[in-house]
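Subject: Structure handover

Hi,

Here is the structure for you to look through. My notes follow below it.

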Amino acid sequence: MFKKITAFLLILLLAASPVAVLADTPFQGYTYNFWGTLVPSPAAYVPIRSFGLHNICPELGDMADPTDLHVDAENNIYVVDWGNDRIVIFDMDLNLIRVIDGYYRYGEWVENGLRRPHGIFVTDDMEIFIADEHNNRVVVLNVIDGDVHFVREILAPDIEGLEDDFVFSPLHVLVDRGGRVFVIVRHVFEGIMSFSDEGEFLGYFGTIEVSFNWIDMAWRFLMTEAQIEFDNAILPREFQSMDIDQYGFIFTTHIENWHLNNQVMRLNPRGEDVLVNFNDNVVINGDQGYRPTGPMSGPSVLIDVIARSHGKYSALDSTRGRVYTYDSEGNLLYVFGGMGSLEGMTRMPRAIEMIGDDMLLLDSLGRGRIIHYAPTEYGRLINRAIAMRYGGHERYAVEYWRQLVTLDENFALAWSGIGRSLLAAGDNVGAMEYLRQGMDVRYFSIAFRRNRLDVMQGTLPNVFTAGMLLVVLFVGGKIYYRVKFGKREEEEA
């Protein structure tokens with residue numbers, strides 16, 4: 001009887017809980033080996049809960065096509081509820097902080113002040129920048145004594161070169177430490193628009209290079225002027241998203257020439273792409289190759305990117321619902337997530353955000369929800385090893401690499417990490433063995449050259465000594481022979 005009562009109370013407790021805690025991992029982790037073949041791996045991140053606005057505050061109703069997600073310096077979570085013209089803010093414990101659907105402007109309350117907000121960014125000073133798409137502006141708000149107040153707005157720039165029918169429709173906004181505002185605008189192909197803190201247009205930032213092949217040239221040679229005018233095949237594609245790292249570099253994604261170029265870019269303050277990718281045979285574009293048919297057919301489309309600690313960055317694939325994480329050298333660390341109806345899977349991924357080492361994924365289909373992922377022991381070991389390597393402490397990272405190879409012998413980067421630590425310690429022979437297992441051609445070549453130099457330095461002196469000894473013996477023998485047999489010949493004469 002006692003067991004039945006206990007089980008019944010447990011069921012009631014789980015049913016009353018606003019968040020479903022997910023015990024199983026509904027997807028398989030994987031990475032790619034040196035030849036580009038998919039190899040399974042333990043899951044680096046697993047879903048621990050999934051929730052929507054109805055879990056936070058039932059009176060809010062459901063989300064309607066949410067488009068963006070942001071976490072501020074105080075770990076408050078902002079959701080852009082596009083279809084309901086509002087921003088919902090809550091904390092990690094799912095306590096509602098406030099809903100922004102209006103604001104005070106010069107002392108007067110503006111009801112329904114947002115029209116289809118699309119993107120959001122909150123500065124360290126807690127100023128809220130909102131890409132207010134259908135109001136054709138970026139609006140800046142702040143909170144004073146619990147009330148939301150209008151600060152300023154950024155409108156369409158009055159510059160030459162814009163089409164007469166141009167509409168300023170901002171999709172994403174970001175602010176750097178110097179107060180420069182970056183805005184991704186719909187149907188603007190010249191680059192990301194940049195503005196001063198006061199809204200003055202500064203120029204375009206980070207243009208995407210466009211490839212042009214001989215086939216395109218041949219077709220355009222045969223086209224009429226009218227056809228060429230309407231042909232947009234060589235227009236650069238729009239940026240998809242952006243985030244800023246601790247050094248002020250801006251990560252962004254695009255889908256121009258996905259099979260030839262990295263979909264992720266890291267732009268320096270001059271707008272130049274300085275993303276590092278040591279593997280020249282693989283581009284950073286999610287899955288290597290794509291399915292020609294099926295529900296997840298087509299190439300990966302990286303619609304969001306977030307800059308993480310120690311040079312890492314993660315990108316969200318809208319085709320497969322997966323998150324790909326890379327290190328500062330362009331190595332794929334782990335992949336998790338996927339499309340599906342199981343808890344922990346997504347059906348229409350829109351955005352990702354970090355909160356500590358955990359990750360939040362915004363799923364916009366249906367009622368809209370957020371999936372919370374936490375690192376497993378495998379994921380934590382990778383993150384710690386990368387942190388040590390990024391800080392230049394290879395000898396401390398080796399402890400984590402050795403644990404990783406016991407969990408996943410297919411993880412080439414772990415073998416490579418052990419090899420690099422041995423290389424730094426001067427054990428070139430041991431380093432070559434581990435680097436060979438990790439298929440680290442670059443550092444294997446370094447270890448091979450150093451080992452060859454060590455062998456030559458250790459062997460050549462002995463060779464030269466033996467050679468000199470042979471020469472001395474040979475010359476000495478010749479002298480001895482001539483002296484001995486020369487005297488005998490004189491005596492006989």
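Start with helix α6. What covers its buried residues includes α5 (377-390) and α7 (412-425). Buried means under 20% relative accessible area, with exposed over 50% and partly exposed in between (1.4 Å probe, protein chains only). The buried residues of α6 are E394, A397, V398, Y400, W401, L404 and V405. Helices here are DSSP runs of H or I with at least four residues, strands are runs of E with at least two, and numbering starts from the N terminus.

The length of α6 checks out. It has 14 residues (394-407), so at 1.5 Å a residue it should span 20 Å, and its end C-alpha atoms are 20 Å apart, which agrees. The expected span is 1.5 Å times one less than the number of residues.

A caution on the source. This is a predicted model: local features need pLDDT of at least 70, side-chain atom pairs count only at pLDDT 80 or more, and totals for chains, interfaces and linings use all residues. Residues are numbered from 1 along each chain as its sequence is written, and side-chain values use heavy atoms, leaving out hydrogens and water.

Now the sheet. Four strands form an open sheet in the order β15-β16-β17-β18, with antiparallel pairing. Its edge strands, β15 (170-175) and β18 (201-205), each pair on one side only. Strands pair if DSSP finds at least two bridges between them. Five bridges join β15 to β16 (residues 181-185). V175 stands opposite V181 in β16.

Overall, the protein chain has nine helices and 28 strands. Of its 493 residues, 46% count as buried.

Terms used:
Contact = heavy atoms within 4.5 Å.
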